[in-house]
Amino acid sequence: MNVLRARFRMPTGPLYRTVRSYSAKKSTSRLDIWTSPNRESPLIKRDEASKALAFSITNDKPIQWGNQLHYFWLRDNCRCSVCVNQDTRQRNFNTFELPLDIEPVRLTKSESGVEIQWSHESHVSFYTWKFLEPYVKGNRPQPEDVPIEYFGHEGKPDSRIEYDEFSKNETDAMRRLTDMIKRNGFVIVTGVPTDSAKPTEELLKKIGPIRETHYGGFYDFIPDGLYADTAYTNLALPAHTDNTYFSDPAGLQAFHLLSHTGPETDQGGKSLLVDGFHAAKILKDEYPDAFNVLANFGIPCHASGNEGIAIAPYKLHPVLEYDSERNVMHRVRWNNDDRGILPVAGKFSTQQWYEAASKWYKILKRKEIEYWIQLKPGMLLIFHNWRVMHGRSAFTGLRRMCGAYINHDDFISKWRNTNYPKSQVLRQVIG
């Protein structure tokens with residue numbers, strides 16, 4: 001192994017917060033990496049046997065080394081204008097026409113990064129320290145650090161925005177709207193015109209394309225039983241998520257009550273929101289075994305009530321989809337009405353699932369986490385369907401409701417592009 005050392009100054013000022021370090025054996029210690037202009041520059045270790053370079057994450061003896069970055073990986077990820085189309089951000093070359101034994105013939109370190117000349121065609125690549133750092137210390141750039149703010153029976157009074165703000169400064173209004181949904185789980189847009197559903201549809205399209213399903217696209221309906229689904233009635237609905245029968249449930253769902261007419265003073269029809277991530281944390285804290293069952297027992301869900309429709313996910317998904325690597329909730333899938341028949345042979349018994357689901361259901365019914373709100377004409381409710389469960393009380397009279405589904409990826413794209421600079425967005429989606 002060769003250790004290359006060069007004298008240069010690292011970029012001034014702190015670059016990143018404390019991070020997890022990695023060496024040949026992953027360490028659980030935490031170190032400040034490349035944070036001070038006064039610290040010695042990283043060493044580069046060339047390992048011919050592995051055909052890789054490694055960068056030191058601390059030069060204090062004993063030296064700790066970051067992940068090895070293989071020659072081929074480095075060459076494949078050259079970011080120069082020859083290798084990457086700077087307009088489309090797509091690769092300009094065929095990776096698999098490169099020789100697998102490619103190696104560096106010259107390596108030059110500078111204040112901003114490292115330049116490598118390759119054995120194949122003498123191509124020169126430059127990698128900034130900022131680009132290399134997340135791969136040296138981890139696996140890839142970490143997701144945006146956005147704290148989730150749970151809500152309970154009081155809702156989130158500050159999760160509101162006026163419709164008129166979109167005409168004053170659409171970019172800033174969309175930034176705020178998407179960030180409220182990302183952090184709080186929902187947002188209410190007030191002052192939306194009610195003489196037509198068109199303004200609602202146009203606003204939702206600014207977030208992302210309206211998702212088409214077997215129910216259509218943008219919906220504008222009254223409870224006439226047009227579709228075989230209890231949503232198209234005036235019956236009460238318990239807290240649930242939509243689209244459990246899809247492999248990829250909609251990310252956002254929106255409701256705008258355009259009108260509610262009838263002779264009664266109290267016509268009912270209050271909307272219910274329950275923070276599924278909050279409920280999942282309560283379950284995990286109070287009944288960890290039940291959480292484990294609901295996070296690992298895949299169940300069938302279906303949409304098969306309408307003629308010619310028989311939809312089910314490509315595989316069985318659990319009620320609670322948990323990201324164990326990041327230790328966060330990923331998605332909630334809960335709709336008892338759309339649940340199929342439990343499989344009887346697996347790691348957990350059906351009795352264990354029913355007992356765990358019963359604990360989950362009782363948590364969902366706790367008054368302190370049920371947020372009830374009476375929607376009125378002009379109030380557009382948009383919520384994160386992967387996180388927030390919704391329901392309603394029964395109602396009388398005639399309600400006209402409009403709204404739509406929006407894909408999760410489209411929502412996240414809009415959130416990123418309105419809340420972060422382009423360079424940071426590209427870093428997240430490309431690596």
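**Exercise 1.** Are Arg333 and Glu321 buried or exposed?

*Solution.* Start with the ground rules: this is a predicted model, where local features need pLDDT of at least 70, side-chain atom pairs count only at pLDDT 80 or more, and totals for chains, interfaces and linings use all residues. Residues are numbered from 1 along each chain as its sequence is written, and side-chain values use heavy atoms, with hydrogens and water left out.

Next, the cut-offs: buried is under 20% relative accessible area, exposed is over 50%, and partly exposed sits in between (1.4 Å probe, protein chains only). Arg333 turns out buried, and so does Glu321. For Glu321 the value is 12%.

**Exercise 2.** Which salt bridges does Glu321 form, with Arg331 and with Arg333, and where do the partners sit?

*Solution.* Take a side-chain nitrogen of Lys or Arg within 4 Å of a carboxyl oxygen of Asp or Glu as a salt bridge. Glu321 pairs with Arg331, closest N and O atoms 2.7 Å apart. Arg333 reaches Glu321 at 2.8 Å, from the loop between β17 and α8 (350-364).

**Exercise 3.** What does the bridge between Glu165 and Arg176 tie together?

*Solution.* Their closest N and O atoms are 2.3 Å apart. Glu165 lies in helix α3 (residues 165-168) and Arg176 in helix α4 (residues 170-184), so the bridge ties together parts 11 residues apart in sequence. Glu165, at 23%, is partly exposed, and Arg176, at 24%, is as well.

Key. Helix = DSSP H or I, 4+ residues; strand = E, 2+ residues; numbered from the N terminus.
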